[in-house]
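Biologist: I'm new to this one. Can you walk me through it?

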Amino acid sequence: ACFQVRKDAQVNFENANDFDLPFPAETFAVEWFGALIIEQEGDYRFTCRSDDGILVWLDGNLVVEDDNLHYQREKSGDWVHLVPGVYKFRMQFFENNVHEVCEREWEAREDSEDDQTELLDRQVIGKRHFTWDEHPALPAKTSTYKRADGSDPE
């Protein structure tokens with residue numbers, strides 16, 4: 001059941017308080033939809049830091065996969081070549097008790113084999129590179145306003 005549908009400007013959650021959930025952040029899942037804005041052609045790599053599972057797609061292609069129970073760690077995908085434009089983005093995350101962390105980062109470099117000049121230092125993907133203007137339709141879900149265990153909030 002879906003508890004809440006909302007828009008987040010970026011994926012940068014360091015702890016349970018950052019998620020700002022109306023229930024205890026112990027066991028839950030989140031799915032983000034949107035689009036990434038690529039301004040410079042080059043090779044991009046996406047990295048996620050999470051405590052538990054994470055999957056990230058760009059234009060329907062899986063670019064980061066770490067979908068299992070684990071302590072806080074980073075997982076990077078392969079380098080992908082991108083040209084300027086807007087790319088559909090989807091990300092799934094689940095948390096299973098303690099250390100609620102979910103952060104999405106990227107880095108970019110020139111695509112020339114002999115010159116891999118850094119275009120973009122590794123960093124959290126900022127608000128100006130994430131948009132809701134181009135995204136798949138949000139799921140037709142309504143909030144149940146219930147906690148994960150099915151009880152009503154107090």
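Biologist: Is Trp106 buried or exposed?

Modeller: Trp106 is buried, at 3% relative accessible area. Buried means under 20% relative accessible area, exposed means over 50%, and partly exposed is in between, with a 1.4 Å probe and protein chains only.

Biologist: What am I looking at, and how were the values made?

Modeller: This is a predicted model, where local features need pLDDT of at least 70 and side-chain atom pairs count only at pLDDT 80 or more, while totals for chains, interfaces and linings use all residues. Residues are numbered from 1 along each chain as its sequence is written, and side-chain values use heavy atoms, with hydrogens and water left out.

Biologist: Back to the rings. How many aromatic pairs are there?

Modeller: Two aromatic pairs. The rule covers rings of Phe, Tyr and Trp (its six-membered ring), with centres within 6.5 Å; planes under 30 degrees apart count as stacked, over 60 as edge-to-face and the rest as tilted.

Biologist: How do Tyr44 and Trp106 sit?

Modeller: Their ring centres are 5.7 Å apart and their planes are at 45 degrees, so this pair is tilted. Tyr44 is in strand β3 and Trp106 is in strand β9, so the pair ties together parts 62 residues apart in sequence. Strands here are DSSP runs of E, at least two residues, and helices are runs of H or I, at least four; both are numbered from the N terminus.

Biologist: And what about Phe46 and Trp106?

Modeller: They also form a tilted pair, 6.3 Å centre to centre with 40 degrees between the planes. Phe46 is in β3 and Trp106 in β9, 60 residues apart. Ring pairs link Tyr44, Phe46 and Trp106 into a cluster.

Biologist: Is Phe46 buried or exposed?

Modeller: Buried, with a relative accessible area of 3%.

Biologist: What does Phe46 contact, beyond its sequence neighbours?

Modeller: Leaving aside neighbours within four places in sequence, its contacts include Leu36, Leu58, Val63, Val80, Leu82 and Ile125. Lys75 and Glu105 are also among them. Contact means heavy atoms within 4.5 Å.

Biologist: Which residues touch the most other members of the largest nonpolar core?

Modeller: Trp32, Phe46, Val56 and Met91, out of 24 residues in that core. The elements giving two or more residues to this core are β2 (27-38), β3 (42-50), β4 (54-58), β5 (61-66), β8 (85-96) and β9 (102-109). β2 gives the most, with five residues. A nonpolar core is a set of buried Ala, Val, Leu, Ile, Met, Phe, Trp, Tyr and Cys residues joined through side-chain atoms within 4.5 Å.

Biologist: Why would such side chains gather?

Modeller: In soluble globular proteins, nonpolar side chains tend to be buried together.

Biologist: Let's stay with β3. How many of its residues are buried?

Modeller: Eight of its nine residues, so β3 is mostly covered.

Biologist: Which strands does β3 pair with?

Modeller: β3 pairs with β9 in the antiparallel sense over eight bridges. Asp43 has Arg109 as its bridge partner in β9. Strand β7 (residues 80-82) pairs with β3 over three bridges, also antiparallel, and Tyr44 stands opposite Val80 there. Strand β6 (residues 73-76) joins β3 through four bridges and runs antiparallel to it. In β6, Ser76 stands opposite Thr47. Two strands pair if DSSP finds at least two bridges between them.

Biologist: New topic. What order do the strands of the open sheet take?

Modeller: The five strands run β5-β4-β8-β2-β11, with antiparallel pairing. β5 and β11 stand at the edges with a single partner strand each, so one side of each has no neighbour in the sheet.

Biologist: How many bridges join β4 to β8?

Modeller: Five, and the two strands run antiparallel. Val56 stands opposite Met91 in β8.

Biologist: Where is His129?

Modeller: In the loop between β10 (118-124) and β11 (130-131). His129 counts as buried, at 11% relative accessibility.

Biologist: Last one. Which ring does the charged end of Arg104 sit over?

Modeller: Phe89, at 4.3 Å from the ring centre. Arg90 lies over the face of Trp57, 4.4 Å from the ring centre. The rule wants NZ of Lys or CZ of Arg within 6 Å of the ring centre and within 35 degrees of the ring normal.
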